[in-house]
Amino acid sequence: MLRIGIDLGGSKIEIVALGADGGTLLRRRVATPQGDYPATLAAIAALVRAVEDELGQPGSVGVGIPGAESAATGLIKNANSTCLIGRPLRQDLEALLQREVRLANDANCFALSEAVDGGGQGARVVFGVILGTGVGGGIVCDGQVWAGANGIAGEWGHTPLPLPQAADLPLPPCYCGRSGCVETYLSGPALSRDHAAHGGEPLPALAIAERAAAGDALCTASLARYEARLARALAQVINLLDPEVIVLGGGLSNIERLYANVPQLWLPHVFSDRVDTRLVRHRHGDSSGVRGAAWLW
Ligand SMILES: [Zn+2]
């Protein structure tokens, strides 16, 4: 059985074909047609046909999208690629490809990939977190994405940061229209902004982590604030979902000290005498989104 996964991103569309054993048979990427919905559909269909021609067999198709499909209307919502918003993407792809297509949010695909054969392998409940330009989350239970009644399960990035403290105020405005969302504290740009607000020079998030590792005091303080916020925000997830594993992905998941420090910092905020939830790094990195899309079947 051939599983085809597509990761529809703002700048690129990536496709992967997985064999029955989960091994990668083929993978390629093209630039996403900018702001052009019909061209985006055509590009996806062309990639699928090319892969099937090359491998000589048809496959199942799963697509990861930067947004969610409304369970009520079948239309795309919450997408940062705005040309998708309000479109019946799944229905349109099914018509073009002449088969059933499964769609999932890209953070859900990340969580699924890591749950199947990545950092969360073997766990029944996995919470996947993307800490990058934005912040996303996804829930996988027993190998299945939990999409939710509103298609927003795991959308932790747009829940409020718990227990805001003096250094967290005023609540930063979020593009979603709310203030104080987890994303406004835990994305890469948020770490840079917070560092600058506390007297640091303008630096990308990973440069702050590098300088902290080299002993820079301001960068160390910024990273400590970041860890404390991440711990409070993940404690909330543990209290509600109680996952066995939390897998981090995205650029900031490369900050090694998070894995030792955050589980210490979340202890006082979790309603339990001990916390066995493991915080782990992704195994598949940037490939996790497209692999998870393939695993939707
Ligand atoms: Zn928000």
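The model is a predicted one. Its open sheet has five strands in the order E3-E2-E1-E4-E7. Phenylalanine 127 and tryptophan 156 form an aromatic pair.

**Sheet**

- The five strands of the open sheet, ordered E3-E2-E1-E4-E7, show mixed pairing.
- Strand E3 (24-31) and strand E7 (101-105) each have a single partner strand, so they stand at the edges and one side of each lacks a neighbour in the sheet.
- From one strand to the next, the twist averages 20°.
- Strand E1 (residues 2-8) and strand E4 (residues 59-65) run parallel and are joined by six bridges.
- Glycine 5 has glycine 62, in E4, standing opposite.
- Strands of a sheet pair through backbone hydrogen bonds, and the pairing is either parallel or antiparallel.

**Helices on the sheet**

- Helix H1 (residues 37-55) packs on the sheet and touches E1, strand E2 (12-18), E3 and E4.
- The direction of H1 makes about 25° with that of E2.
- Helix H2 (residues 89-97) lies across E1, E4 and E7.
- Relative to E7, helix H2 runs at about 150°.

**Serine 60**

- Strand E4 contains serine 60.
- With a relative accessible area of 12%, serine 60 falls under the 20% limit and is therefore buried.
- Leaving aside residues up to four places away in sequence, serine 60 touches Met1, Leu2, Arg3, Ile4 and Trp297.

- Cysteine 176 has 26% relative accessibility and so counts as partly exposed.
- Cysteine 181, at 2% relative accessibility, counts as buried.

**Aromatic pair**

- The count of aromatic pairs comes to one.
- The rings of phenylalanine 127 and tryptophan 156 are edge-to-face, with 6.0 Å centre to centre and 85° between the planes.
- Phenylalanine 127 lies in strand E8 (residues 125-131), while tryptophan 156 is in the loop between strand E10 (144-145) and helix H4 (183-186).
- The two residues are 29 residues apart, and the pair links distant parts of the chain.
- Both phenylalanine 127 and tryptophan 156 are buried.

**Exposed loop residues**

- Glycine 35 is in the loop between E3 and H1.
- A relative accessible area of 65% makes glycine 35 exposed.
- Alanine 149 is placed in the loop between E10 and H4.
- At 71% relative accessibility, over the 50% limit, alanine 149 counts as exposed.
- Alanine 149 and serine 70 are 79 residues apart along the chain, and their C-alpha atoms are separated by 9.2 Å.

Key
Residues are numbered from 1 along each chain as its sequence is written. This is a predicted model: local features need pLDDT of at least 70, side-chain atom pairs count only at pLDDT 80 or more; totals for chains, interfaces and linings use all residues. Side-chain values use heavy atoms; hydrogens and water are left out. Two strands pair if DSSP finds at least two bridges between them. Helices (H or I, at least four residues) and strands (E, at least two) are DSSP runs, numbered from the N terminus. Axes are lines fitted to C-alpha atoms, for helices over the stretch in contact, and angles run from 0 to 180 degrees between N-to-C directions. Contact means heavy atoms within 4.5 Å. Buried means under 20% relative accessible area, exposed over 50%, partly exposed in between (1.4 Å probe, protein chains only). Rings of Phe, Tyr and Trp (its six-membered ring) pair if their centres lie within 6.5 Å; planes under 30 degrees apart count as stacked, over 60 as edge-to-face and the rest as tilted.
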